Every structure is written in C-alpha cells, then in structure tokens.
Amino acid sequence: CSLPSEPLLRLIEANRIDQRISEYATWADLKHYCVHSADPVGRLVLGVLGRAEPELVALSDDVCTGLQLVNFLQDVPRDLALGRDYLPVDDRARFGVTELDRPSPELRALLEFEADRARGLLASGEELGRRLGGGRIGRSVALFARGGLATLEALERADWDIFNGRPRPSRARLALAAIR
C-alpha cells in the first residue's frame, strides 16, 4: 500500500515513551503520548484506503485518541499494576483524587470528566465516516467510534466501577451501535 513510515516510527516512539514515563502532568502531555500511541493506527488505515487528506487525518486522530482514552478509563487498575497512570495529574488534582486504587466520589467525577473528553473526540467518527463516502468503508470506520461510545455507556451502566472487572458493552449493544 506504499504506507509512509512516519506512523510506524511514532508507534515505536510510543513504546519508548512507555519505558520512560509512567504518568502525565497535563492533558497536553497525555495527548502528545496519544499522537504516538493511538493516532498512527488511524493514519495507517487511511493510508491503506489511499486517503490522506488533512481534514480526514484530523478526524481520524480525534477518533483514535478518543478510543485510547476509553481504554485508559477501563484499565485504571491494570495500568496501576503495570506502574502506569494515564489520568493527568492536573485533572486528578482538580477533582481531589489522591488514590486511584479504590472507588471514591472524587475518582468517579474524574472518570466522568475524562469520559466527556473522550466522547467529544469520538464524535468525529460520524463525520469521518461521511467524508470517506459512507458506504461499507465509511460505516466501518464510524463503527469504531460508536464502539468507543458504547464502551463509555457500559462504564456508566457499571456506575464507573472499574475495580470489579473491565466494563464493556454487550454484544447486543455493539450490534445496536452497528445498526445505527
């Protein structure tokens, strides 16, 4: 597909970042990580599709970062066990979160805030699908964003309980997202 090497090099750098950095001070710092860990995946998909228009790349980057944030929200306990924290320090301070290893009203508020951020980014998925011309490919790409939104709904239905299993949407909810 004559894919550019730049997205692949970013993924390698994301691995290096994971070896050096275990927490992120600000949203801008975490977004910088996502530029390396998440956004390249969408850019590679666009490359396979032969579509690299700047507006499509920007929409794809939003969706990929949004999906990465959803994973971070689901995986707080798992990431802590690996010595990593993907909830920005300044956001934790803003909500008074001092501990990430147990439920608290403060942690719940932080998770809801980060979920709203992810939801805003994932909203780009519908426009990306339309700009890809709809059809099977456009719907498939938009479906990834809908899957992220369904996962956020699962987190909400689980009352933000990330400590008793990884909240994820049911097959029925994913099918409903696909039908939409």
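Analyst: One term before we start: buried means under 20% relative accessible area, exposed means over 50%, and partly exposed is in between, with a 1.4 Å probe and protein chains only. Keep in mind that this is a predicted model, where local features need pLDDT of at least 70, side-chain atom pairs count only at pLDDT 80 or more, and totals for chains, interfaces and linings use all residues. Residues are numbered from 1 along each chain as its sequence is written, and side-chain values use heavy atoms, with hydrogens and water left out.

User: OK, is Asp61 buried or exposed?

Analyst: Asp61 counts as buried, at 10% relative accessibility. It sits in helix α4; helices here are DSSP runs of H or I with at least four residues, strands are runs of E with at least two, and both are numbered from the N terminus.

User: What does the Asp61 side chain make a polar contact with?

Analyst: The side chain of Arg43, at 2.6 Å. A polar contact is a pair of N or O atoms within 3.5 Å; within protein, one must be able to donate a hydrogen and the other to accept it, and residues adjacent in sequence count only if both atoms are side-chain atoms.

User: And which residues is Asp61 in contact with, leaving aside neighbours within four places in sequence?

Analyst: Lys31, Asp39 and Arg43. Contact means heavy atoms within 4.5 Å.

User: How many of the residues of α4 are buried?

Analyst: 15 of the 21, so α4 is largely enclosed by the rest of the structure. From first C-alpha to last it reaches 30 Å, close to the 30 Å expected at 1.5 Å a residue. That expected span is 1.5 Å times one less than the number of residues.

User: At what angle do α2 and α4 pack?

Analyst: About 110°, with the axes of α2 (residues 27-37) and α4 (residues 54-74) 10 Å apart. That makes α2 roughly perpendicular to α4. Axes are lines fitted to C-alpha atoms, for helices over the stretch in contact, and angles run from 0 to 180 degrees between N-to-C directions. Angles under 35 degrees count as roughly parallel, over 145 as roughly antiparallel, 65 to 115 as roughly perpendicular and the rest as oblique.

User: Which residues make that contact of α2 and α4?

Analyst: On the α2 side, Trp27, Leu30, Lys31, Tyr33, Cys34 and Ser37; on the α4 side, Asp61, Thr65, Gln68, Leu69 and Phe72. By class they divide into 6 nonpolar, 3 polar and 2 charged. Ala, Val, Leu, Ile, Met, Phe, Trp, Tyr, Cys and Pro count as nonpolar, Asp, Glu, Lys and Arg as charged, and the others, Gly among them, as polar.

User: How about α2 and α3?

Analyst: Their axes are 4 Å apart and the angle is about 35°, with α3 covering residues 39-49. Lys31, Cys34, Val35, His36 and Ser37 in α2 meet Asp39, Pro40 and Val41 in α3. That contact has 4 nonpolar, 2 polar and 2 charged residues.

User: Switching topic. At roughly what angle do the axes of α8 and α9 cross?

Analyst: Roughly 175°, and the axes of α8 (residues 124-131) and α9 (residues 135-157) come within 8 Å. That makes α8 roughly antiparallel to α9. Gly125, Glu126, Leu128 and Gly129 of α8 make the contact with Gly138, Val141, Ala142, Ala145 and Arg146 of α9.

User: Does the span of α9 agree or disagree with 1.5 Å a residue?

Analyst: It agrees: its 23 residues should span 33 Å, and the end C-alpha atoms are 32 Å apart.

User: What about Thr151?

Analyst: Thr151 lies in α9 and is buried at 10% relative accessibility. Its side chain reaches the backbone oxygen of Gly147 at 3.0 Å. Leaving aside neighbours within four places in sequence, Thr151 is in contact with Val70, Gln74, Pro167 and Pro169.

User: And Arg136, buried or exposed?

Analyst: Exposed, with a relative accessible area of 69%.
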